[in-house]
Amino acid sequence: MYSLQQHSPSPLHLTLLKTSKTHLDTTQLHAFAVKTNLIQHTSLSSRLVSLYADPEINNLRYARSVFDQIQDPSLVLHNLIIKCYVFNQQSHEAIALFRDLLGKSLLPDNFTLPCVIKGCARLNAVEEGKQIHGLVLKLGFGLDKFVSSSFVSLYAKCGEMGLARKAFDVMDENDLVSWNSLIDGYAKCGEVGVAMELFDEMPERDLFSWTCLVDGFSKCGKVEFAREIFDRMPNKNLVSWNAMINGYMKSGDIESARVLFNEMEVRNLITWNAMIAGFESNGRFKEAFELFETMLDGDIVPNDATLVSILSAISGLASLSKGRWVHSYMVKNGFLVHGVLGTLLIQMYSRCGSIESALIVFRSIPKKKVGHWTAIIVGLGMHGLVDDGRKYFDKMINDYGIEPTVEHYGCLVDILCRTGHLEEAKSIIESMPMRPNTVILMSLLSGARNHGNKDIGEYAAHHLINVAPDTSGCYVVLSNMYAAAGEWEKVSQVREMMKKRGFKKDPGCSSIEHRGVVHEFIVGDKSHPQTNDIYSKLDEMRNKLKSAGHVPDTTQVLLCIEDEEEKEEELENHSERLAIAFGLTNVEPGRPIRIMKNLRVCNDCHSVTKLLSGIYNREIIVRDNSRFHHFKNGTCSCKDFW
DNA sequence: CTAGGGTTAG
């Protein structure tokens, strides 16, 4: 190893560095050039740009900074940087530089154009692509093989099949790449017939073309066609198998995906990620996590994409211990939390019930982006830390100059509704720059119910039914509100509406994690190995609640049950009660019981859990479908607003 | 000082 600081430059050095392609050598050449002021020579600085922009070295930041110091950089240098931007998924920067280039009255050539067009394709920027197309025709590159096939690919990727076809037909001679781009486009649009016809017309088909069809049909949800092609393929490679697995996962056919996965002799990281992401997106969180463990046992190294799926899966499982374990794995293995992984960690911790850990992660992120702010504000909202939520919202806008999105407004509205500032919440909804979504309107409606404001309740319900007529929760809350106001006629009107629209409730399901195992309970569940213990604990709970003076609140057992005793029984078997009974029997005294539930906690369960937290002197943390409830000493963190 | 356009996970 030599050091340029200690040796004077010799021709030998320069020759060595000219042929070298490592990052270290390049930075040494860079340092040398700066020190000796040779960087002023365009030939040397140009060489540096090309080295830094080389895919092997790929140091975009250095490439750009050297480039920026060159007076009147040549077209070739522009081409290098543009290509490097596209390679590094920063196509908007590539296009910005392309515009600079035109502004400098430099003309793009047949090297520039395919790169810029590819950048447009990456960004789905079909309008910009069309403008460039006009320029291409003016400059006379319309017949260039690479330029025109780039347009076929761009239009096909953007779903503009008419234009793709035109660009294809204009070509002198269609090579394999242009055929594949076109077929890929038709397949992804679901044009099975056209895609197959073209495929049959192709002069030669290699592996690539077959895989385009498998992937295209998978992506547009025609998984049975994808499988047909897959079975007919003369040869298959990893990409074909992965595309097929992905197709099954997208269509929700997890079993078929698993069968393929097991049949595979060779798998790569993409295979594992496709499976894990597939489990996660289909709500099979437990299996996603188990596969992740299998992967690590097999010494396969995960990447960011794997962790994105795994953190989401853990959020779904609400398993704090698994979350902590994965977080420490990430720290040990050098995963950076600055980008999307930071967002997911914050989300994971707040959804697993530890807002404290979420805050620690949030504070540790040096350059916070919108996603981080959203995650922490949503988290604080879920946990009912009201003042903090408001504080972070203001801080984000005023100190960091970040434009709030609909989600941020949602949190603010939620906070205002919780504290009874309903008019203010309503006026924020009316003045925010975007249309209110279901979540915001539900917050307002629930707030109106809890604070007995019928006018605002009806206002919110009216808008909700317009925005999302399928939201059953809206009718439930509205009916609760009328019931509380004693307007029984309106209550029955709402129930009629629900019946007419055919709403059926999902069965309630709660889960609790104990010693690394997730235990699931549905309403009236008797399948757990400890069922006897659980039901005798339920008996004990019922007696203690009775002596504490609890009267079951059956007003929310809405639809099908008429008999009063049956109503009470239904309540007693709600899934969260089973989970609490399990928790009281199994979780070590003094440790909190953490439960996750798929539906909103009902009124009666909420007041029962408050009482139980006092009676058994236990902290009980329940995550329902919208927020966390920290029950302690007979009260709840949501202050009875949820 | 460039060597280009088509398929798989997020």
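**Entry 1**

I began with Arg284, which counts as partly exposed at 27% relative accessibility. I note at the outset that the model is predicted. I then looked up the partner of Arg284 and found a salt bridge with Glu287, the closest N and O atoms being 2.8 Å apart.

From there I turned to helix 18, which covers residues 285-297. Asp297 is found in this helix, and I recorded Asp297 as exposed because its relative accessibility is 66%. I also recorded a negative surface patch to which Asp297 belongs, together with Glu290, Glu293 and Asp299.

**Entry 1: Other salt bridges**

I looked up the total for the structure and noted 23 salt bridges. Side chains of opposite charge can pair when their charged atoms come close.

I examined Arg64 and Asp68, whose closest N and O atoms are 3.0 Å apart in a salt bridge. Both residues belong to helix 4 (residues 60-69), and because they are 4 residues apart there, about one helical turn separates them.

I next examined helix 24 (residues 386-398), where Asp388 and Lys391 lie 3 residues apart, about one turn of the helix. Their side chains meet in a salt bridge with an N to O distance of 3.8 Å. Asp388 is partly exposed, its relative accessible area being 28%, and Lys391 is partly exposed at 46% relative accessibility.

I also noted a network of salt bridges that links Asp184, Lys188, Asp215 and Lys219.

**Entry 2: Gln40**

I located Gln40 in the loop between helix 2 (23-35) and helix 3 (42-53). With a relative accessible area of 59%, Gln40 is exposed.

I asked how many of the 5 residues of strand 5 (residues 628-632) are buried. I found that 4 are buried, so strand 5 is largely enclosed by the rest of the structure.

I then looked up the pairings of strand 5. With strand 4 (residues 620-623), strand 5 pairs in the antiparallel sense over 4 bridges, and His630 in strand 5 is the bridge partner of Ile621. Strand 4 and strand 5 form a hairpin, with 4 residues between them.

Strand 6 (residues 635-636) runs antiparallel to strand 5, to which 2 bridges join it. I recorded Thr635 in strand 6 as the bridge partner of Lys632. Strand 5 and strand 6 likewise form a hairpin, with 2 residues between them. In that turn, I noted that Asn633 has a positive phi of about 45°.

Technical notes
Residues are numbered from 1 along each chain as its sequence is written. Chains are lettered from A and ligands numbered from 1 in the order in which they are written. This is a predicted model: local features need pLDDT of at least 70, side-chain atom pairs count only at pLDDT 80 or more; totals for chains, interfaces and linings use all residues. Side-chain values use heavy atoms; hydrogens and water are left out. Patches are made of residues with over 30% relative accessible area and no salt bridge: like charges are joined within 9 Å, nonpolar side chains (Val, Leu, Ile, Met, Phe, Trp, Tyr) within 5 Å. Accessible areas come from the Shrake-Rupley method with a 1.4 Å probe; for residues, only the protein chains shown count as cover. A salt bridge is a side-chain nitrogen of Lys or Arg within 4 Å of a carboxyl oxygen of Asp or Glu. Lys and Arg count as positive and Asp and Glu as negative; His and the chain ends are not counted. The place of a charge is taken as NZ of Lys, CZ of Arg, CG of Asp or CD of Glu. Buried means under 20% relative accessible area, exposed over 50%, partly exposed in between (1.4 Å probe, protein chains only). Two strands pair if DSSP finds at least two bridges between them.
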